[in-house]
Amino acid sequence: MNSKLKGAIAAGAATVLLAGGAGTMAAWNSGASIGGGAVGAGALALTQTVAPNWADQHGPITVTDFRAVPGDVLTYTASFEVTARGTNLRASLAVDEATIVGDPAFESVVDHKITATSGGDPVPVDSDGVVVTPALDGATVDVKVIITFAADTDGDAAQNVQVDLSNFNVTLRQV
């Protein structure tokens, strides 16, 4: 390699080292505001507004004293204020199955159904339960759960068994 070429390479290397030690070389760049904004989180809540009531097909009952027989229909009613905020929010108001504790023999002959109204108008129900959307935000929802003891229960099925409804509950869950 000739000496002029070696000298040019050495000078170039020295320049790179000196530039690196003195700071970095700036590159052109630019930015612009895209006009975004804050994104807030929604909310989902259920607040009981009226104490729940229990009734059978003949009128009000004290559920802890009631002894059901085939053909009885128990009705739970309560009112709740709904908080349902979120652009794409969809939630389900349903019976919390874990709060119905009891003998499997009784559970096998009992069925329940949930309905609701808001301002006197029915609220849609699907396979998950009562459909809650932001349209119900701030509304009072009157909930009714109908528990039916099958009239055609025969033999000793479900006699002298018990189902504990002391912690009976409805839940509101995002779906």
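**Close-up A. Val-50 stands opposite Ser-79 of strand S3 in this predicted model.** Strand S3 covers residues 73–85. The pairing between S1 and S3 is antiparallel and extends over 10 bridges. S1 itself spans residues 43–56.

**Close-up B. Strand S3 also pairs with strand S10.** These two strands run antiparallel and are joined by nine bridges. Within this pairing, Thr-75 has Ile-146 of S10 as its bridge partner. Strand S10 comprises residues 140–149.

**Close-up C. Gly-40 sits in the loop that links helix H1 to strand S1.** Gly-86 is 46 residues away from Gly-40 in sequence. In space, the C-alpha atoms of Gly-40 and Gly-86 are 9.0 Å apart.

**Close-up D. Asn-160 has a positive phi, near 55°, although the residue is not a glycine.** Asn-160 is placed in the loop between strand S10 (140–149) and strand S11 (163–164). The relative accessibility of Asn-160 is 81%; this is over 50%, so the residue counts as exposed.

Definitions and conventions: Residues numbered from 1 in each chain as written. Predicted model: local features only at pLDDT ≥ 70, side-chain atom pairs only at ≥ 80, totals over all residues. Heavy atoms only, no water. Helix = DSSP H or I, 4+ residues; strand = E, 2+ residues; numbered from the N terminus. Buried < 20%, exposed > 50% of the residue type's maximum accessible area, 1.4 Å probe, protein only. Pairing = 2+ DSSP bridges.
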